[in-house]
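Please read it with the coordinates open.

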Amino acid sequence: MRITQLLNKGRGLADHIPYSFVAIASRIAVASVFWRSGQTKVAGFSLRPETFVLFREEYKVPLLPPDIAAYMTAIAEHALPVLLVVGLATRLSALGLLFMTAIIEIFIYPGGWPEHILWAALLLSIIARGPGVISLDHLIWHPRRPALAYAR
């Protein structure tokens, strides 16, 4: 078998991977990053004292008082990943996390772009193509179309 035939066969196999599998993997991957970050900021249902110190001394977000930024970030890092994983308001949740990624890159850790661009790529694909059929959004917007009926 020639190399071009092997490559074409491989491409053909890859073309049969349903987008929904790619979407859910992307949703879980990026959600886990933000969820884990949010978990470092809380103890139970309260913000840890060191979270406030971090926002006052290191995470100097412009236009927001540090304490408000700490609360907003902790809430967003918990709520948006959950919405992303279950696929509810998925594009809006991804947009919120993309905004957070931009703030982190621009104002907090500008040298972290190799990691941030990976998050942005995953989030942009979710925003552009949606959550796929394995999502609550699909159940809400297409209630009479079962997910299994979709090949892509």
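The points below go from the whole chain to single residues.

1. Basis. This is a predicted model: local features need pLDDT of at least 70, side-chain atom pairs count only at pLDDT 80 or more, and totals for chains, interfaces and linings use all residues. Residues are numbered from 1 along each chain as its sequence is written, and side-chain values use heavy atoms, with hydrogens and water left out.

2. Elements. The protein chain has seven helices and two strands. Their order from the N terminus is α-α-β-β-α-α-α-α-α. Helices (H or I, at least four residues) and strands (E, at least two) are DSSP runs, numbered from the N terminus.

3. Overall form. The radius of gyration of the protein chain is 19 Å, while a compact globule of 152 residues would have one near 15 Å. That radius is taken over C-alpha atoms, and the globule rule is 2.2 Å times the number of residues to the power 0.38. Along the principal axes, the C-alpha atoms fill a box of roughly 60 × 40 × 25 Å.

4. Contact means heavy atoms within 4.5 Å. Among contacts in the protein chain with a separation of 6 or more, 67% join residues 24 or more positions apart. Of the 152 residues, 35% count as buried. Buried means under 20% relative accessible area, exposed over 50%, and partly exposed in between (1.4 Å probe, protein chains only).

5. Charges. The protein chain carries 14 positive and 9 negative charges, and their mean positions are 17 Å apart. Lys and Arg count as positive and Asp and Glu as negative; His and the chain ends are not counted. Each charge is placed at NZ of Lys, CZ of Arg, CG of Asp or CD of Glu.

6. A nonpolar core is a set of buried Ala, Val, Leu, Ile, Met, Phe, Trp, Tyr and Cys residues joined through side-chain atoms within 4.5 Å. The largest one has 15 residues, and Val30, Phe34, Leu84, Leu97 and Leu123 have the most contacts inside it. Helices H2 (19–39), H4 (66–86), H5 (90–108) and H6 (113–129) each give two or more residues to this core. H5 supplies the largest share, five residues. Beyond its neighbours within four places in sequence, Val30 is in contact with Leu84, Trp119, Leu122, Leu123 and Ile126.

7. Second core. A separate core of eleven residues includes Val42, Ala69, Ala70 and Ala74. Ala69 lies in helix H4 and is buried at 3% relative accessibility. Not counting residues up to four places away in sequence, Ala69 touches Phe55 and Leu64. Ala69 and Phe55 are 14 residues apart in sequence, yet 7.2 Å apart in space, C-alpha to C-alpha.

8. Two histidines. Are they buried or exposed? His78, in helix H4, is buried, with a relative accessible area of 16%. Outside four places in sequence, His78 is in contact with Trp35, Gly38, Gln39 and Val42. His116, in helix H6, is also buried, at 7% relative accessibility. Leaving out residues up to four places away, His116 touches Thr101, Ile104, Glu105 and Tyr109.

9. Backbone check. Most residues other than glycine have a negative phi. Leu63 is not a glycine, but has a positive phi of about 75°. Leu63 sits in the loop between helix H3 (49–57) and H4 and is exposed at 87% relative accessibility. Ala89 has a positive phi of about 50°. Ala89 is in the loop between H4 and H5 and is partly exposed, with a relative accessible area of 34%.
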